[in-house]
Amino acid sequence: MNKLQILILTLGSILGCSQITFSQDFIGLSYSIGIPTAAVNNAITDASFTGTDIEYRHFFTDNISGGINIGMRNFSQGFGNQVYTSDLISLAGETFKDATTLSTVFTSHYYFPKFKFIQPYAGLGIGGAGVFYNAQVGGVATSDTYWGFTFVPEIGILIPLGNSETSILSSAKYNYQTGSKGHDNVGYWAFNIGIALDF
């Protein structure tokens, strides 16, 4: 093997290692618990146990990644029998309210030095989100939908599972959405746990 072949193999090995180190991607899937704040808890105060996040991250360096996150949470609550009165009508019956949020944000994350095998990180997502409100009193139902700008600060950890390409993914996020069409701003905490699959 001549010197040129050795040089080519050496450069190829270095570039290959760099590709693994700096261009590793993962897909994350998380279960999410939502705690309403802001305008959400003016109507609904119960936590959401029916949330999910799916995300993709691309690592530009060991410490920085960019990607996209799609999240959905449903807040719902029953209020028993209630009476609503206006100038023209009075309505009574079992009352239910729910609000479903659907967000799509572009994300950036910074990864701090590892603590033993745990990888802490902080991030920010910016994008758009929709809120789908429904209210029902007896047999009468109303609904409303609006969209707004959203940003999502986040802190979390990655915990690798042995030598596999799978990690536990856990995070806490605050989802804040601007109001529109006469609606107030919307905010809620989301506490996530799931898995991240490297590829």
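**Reading contacts, cores and salt bridges**

Author: Asn63 touches His109, Tyr110 and Tyr111, not counting residues up to four places away in sequence, where contact means heavy atoms within 4.5 Å. This is a predicted model, in which local features need pLDDT of at least 70 and side-chain atom pairs count only at pLDDT 80 or more, while totals for chains, interfaces and linings use all residues. Residues are numbered from 1 along each chain as its sequence is written, and side-chain values use heavy atoms, with hydrogens and water left out.

Reader: Where does Asn63 lie?

Author: Elements are DSSP runs numbered from the N terminus, with helices (H or I) of at least four residues and strands (E) of at least two. Asn63 lies in the loop between β2 and β3. In space, its C-alpha is 8.4 Å from that of Pro113, although Asn63 and Pro113 are 50 residues apart in sequence.

Reader: Is Asn63 buried, partly exposed or exposed?

Author: Buried means under 20% relative accessible area, exposed means over 50%, and partly exposed is in between, using a 1.4 Å probe and protein chains only. Asn63 counts as partly exposed because its relative accessibility is 32%.

Reader: Which residues make up the largest nonpolar core?

Author: In soluble globular proteins, nonpolar side chains tend to be buried together. A nonpolar core is a set of buried Ala, Val, Leu, Ile, Met, Phe, Trp, Tyr and Cys residues joined through side-chain atoms within 4.5 Å. Here the largest one has nine residues, namely Ile44, Phe75, Ala99, Val131, Tyr133, Tyr146, Val186, Tyr188 and Ala190. The elements giving two or more residues to this core are β5 (119–137) and β8 (186–198), and β8 supplies the largest share, three residues. Another core, of seven residues, lies apart from it and includes Phe26, Phe59, Leu158 and Ala196.

Reader: How many salt bridges are there?

Author: A salt bridge is a side-chain nitrogen of Lys or Arg within 4 Å of a carboxyl oxygen of Asp or Glu, and by this rule the count comes to four. In one of them the side chains of Asp53 and Arg73 meet at 2.6 Å, N to O. Asp53 is in strand β2 (residues 48–59) and Arg73 in strand β3 (residues 64–85), so the pair ties together parts that are 20 residues apart in sequence. Both Asp53 and Arg73 are buried.

Reader: Which residue forms a salt bridge with Glu154?

Author: Glu154 pairs with Arg57, their closest N and O atoms being 3.8 Å apart. This pair links distant parts of the chain, with Glu154 in strand β6 (residues 140–160) and Arg57 in strand β2, 97 residues apart. Both Glu154 and Arg57 are buried.
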